[in-house]
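Dear colleague,

I am passing on the structure we spoke about, and my notes on it follow below. Please read them with the model open beside you.

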Amino acid sequence: MKNLWKEKLDRGEKTVGTFFESGSAAAIESMGFAGLDYVIIDTEHGPFEAESVGEFVCAAERRNLTPLARVREISRPAVLKLLDVGCKGLIIPQVHSIEDVRQVVEYGKYYPIGSRGVAGQRSNGFTYDMGGSLDEWFRNANEETLLIPQCETMGCLEDIENIAAAAGVAGIFIGPYDLSTAMGMPGQFSNPEFLKAVRRIIDACHAAGKFCMIYCDNAKKAQEYFKMNVDSAAIGLDICVMVDGYRQVVKEALG
């Protein structure tokens, strides 16, 4: 149950991924061919349930693409089901406080960190991958499963140092659209106050020994964030990347 994306982060490598909305397992596999490190299956804004997420996880793993998911809400079923079908990490939206984070850790980590329920599910090979020691399984699962609060609210930003340092938190995901809106400057990603907030989040993560990732619309913006020392960039949305690609094909074909 190795998390290949986590191994790259642990080595200090920059990584890239994307969001998934198209609902096609073939599209997931194609991302692996493209060399992406991870895919984020979006159950917050996307239409997906745990059953279909499980199919997408299988498609990702076939191509050494780490499957992540964004949960729809902070609740035990929303967290538990996505982990049970095999997601290697969860992005948690709408975090407002350290209490929200502690709740997610309680749902998403096994004993002794949390109280994640134990059952025969795909994530443990329906118990056949668990071996002889439950303690060892808990330890490995807790290490390889990444819980990533999304900083997109003023409450999260104002307490980011404590949230980033919280036990069970692997890193922080910056949601620039919602965060800039919460700050009263929607989409103003070059605004000095917004960039100051991004710098604060990055510094809080690294001070706590955690990684920082961010969403961006394109590769050029990802390069700018990498220069700010962001560790990972989730670039675009699979459908938008396809549309942009075909627009370029049409433009080039017709001159």
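**The cysteines**

At 0% relative accessibility, Cys-212 counts as buried. Please keep in mind throughout that this is a predicted model. Cys-205 is likewise buried, because its relative accessibility is 0%. A search of the whole structure finds zero disulfides, and Cys-205 is accordingly in none, the nearest cysteine sulfur being that of Cys-212 at 4.2 Å. The sulfur of Cys-212 has its closest cysteine sulfur in Cys-205, and the 4.2 Å between them is too far for a bond, because a disulfide requires the two sulfur atoms to lie within 2.5 Å.

**The barrel**

The strands form a closed barrel of eight, which runs β1-β2-β3-β4-β5-β6-β7-β8 with parallel pairing. From one strand to the next, the twist averages 25°. As background, strands of a sheet pair through backbone hydrogen bonds, either parallel or antiparallel.

**Salt bridges**

How many salt bridges does a search of the whole structure find? The search gives 13, and I describe some of them here.

Glu-49 and Arg-72 meet through their side chains in a salt bridge, with an N to O distance of 3.3 Å. This pair links distant parts of the chain, since Glu-49 is in the loop between β2 (38–42) and α3 while Arg-72 is in the loop between β3 and α4 (76–84), 23 residues apart. Glu-49 counts as partly exposed because its relative accessibility is 48%, and Arg-72, at 39%, also counts as partly exposed.

Two further pairs lie within helices. The side chains of Arg-199 and Asp-203 form a salt bridge at 3.4 Å, N to O, and both residues lie in helix α10 (residues 192–207), four residues apart, which is about one turn of the helix. Arg-199 is partly exposed at 30% relative accessibility, and Asp-203 is partly exposed at 41%.

In the other pair, the side chains of Glu-224 and Lys-221 meet in a salt bridge of 3.1 Å, N to O. Because Glu-224 and Lys-221 are three residues apart in helix α11 (residues 219–227), about one helical turn separates them.

Finally, Glu-29, Arg-62 and Arg-63 are linked in a network of salt bridges.

**Backbone details**

Most residues other than glycine have a negative phi, and most peptide bonds are trans. Asn-64, although it is not a glycine, has a positive phi of about 55°; Asn-64 is found in the loop between α3 (50–62) and β3 (66–70), and it counts as exposed because its relative accessibility is 55%. Gln-94 is another residue other than glycine with a positive phi, near 55°, and its place is the loop between β4 (89–92) and α5. With a relative accessible area of 36%, Gln-94 is partly exposed.

Where is there a cis peptide bond? The bond from Tyr-111 to Pro-112 is cis, with omega near 5°, and Pro-112 lies in the loop between α5 (98–108) and α6 (134–144).

**A surface patch and one more loop residue**

Ile-239, Met-242, Val-243, Tyr-246 and Val-249 form a nonpolar patch on the surface, and together they have about 470 Å² of accessible area. Val-243 is placed in helix α12 (residues 238–254), and Val-243 counts as partly exposed because its relative accessibility is 36%.

Ala-166 lies in the loop between α8 (160–165) and β6 (171–174), where it counts as buried because its relative accessibility is 11%. The C-alpha atoms of Ala-166 and Leu-134 are separated by 25 Å, and these two residues are 32 residues apart along the chain.

How values were computed: Residues numbered from 1 in each chain as written. Predicted model: local features only at pLDDT ≥ 70, side-chain atom pairs only at ≥ 80, totals over all residues. Heavy atoms only, no water. Patch = residues over 30% accessible without salt bridge, like charges linked within 9 Å, V, L, I, M, F, W, Y side chains within 5 Å. Areas by Shrake-Rupley, 256 points an atom, 1.4 Å probe, with all protein chains shown as cover. Salt bridge = Lys/Arg side-chain N within 4 Å of Asp/Glu carboxyl O. Helix = DSSP H or I, 4+ residues; strand = E, 2+ residues; numbered from the N terminus. Buried < 20%, exposed > 50% of the residue type's maximum accessible area, 1.4 Å probe, protein only. Pairing = 2+ DSSP bridges. Axes fitted to C-alpha atoms, helices over the stretch in contact; angles between N-to-C directions.
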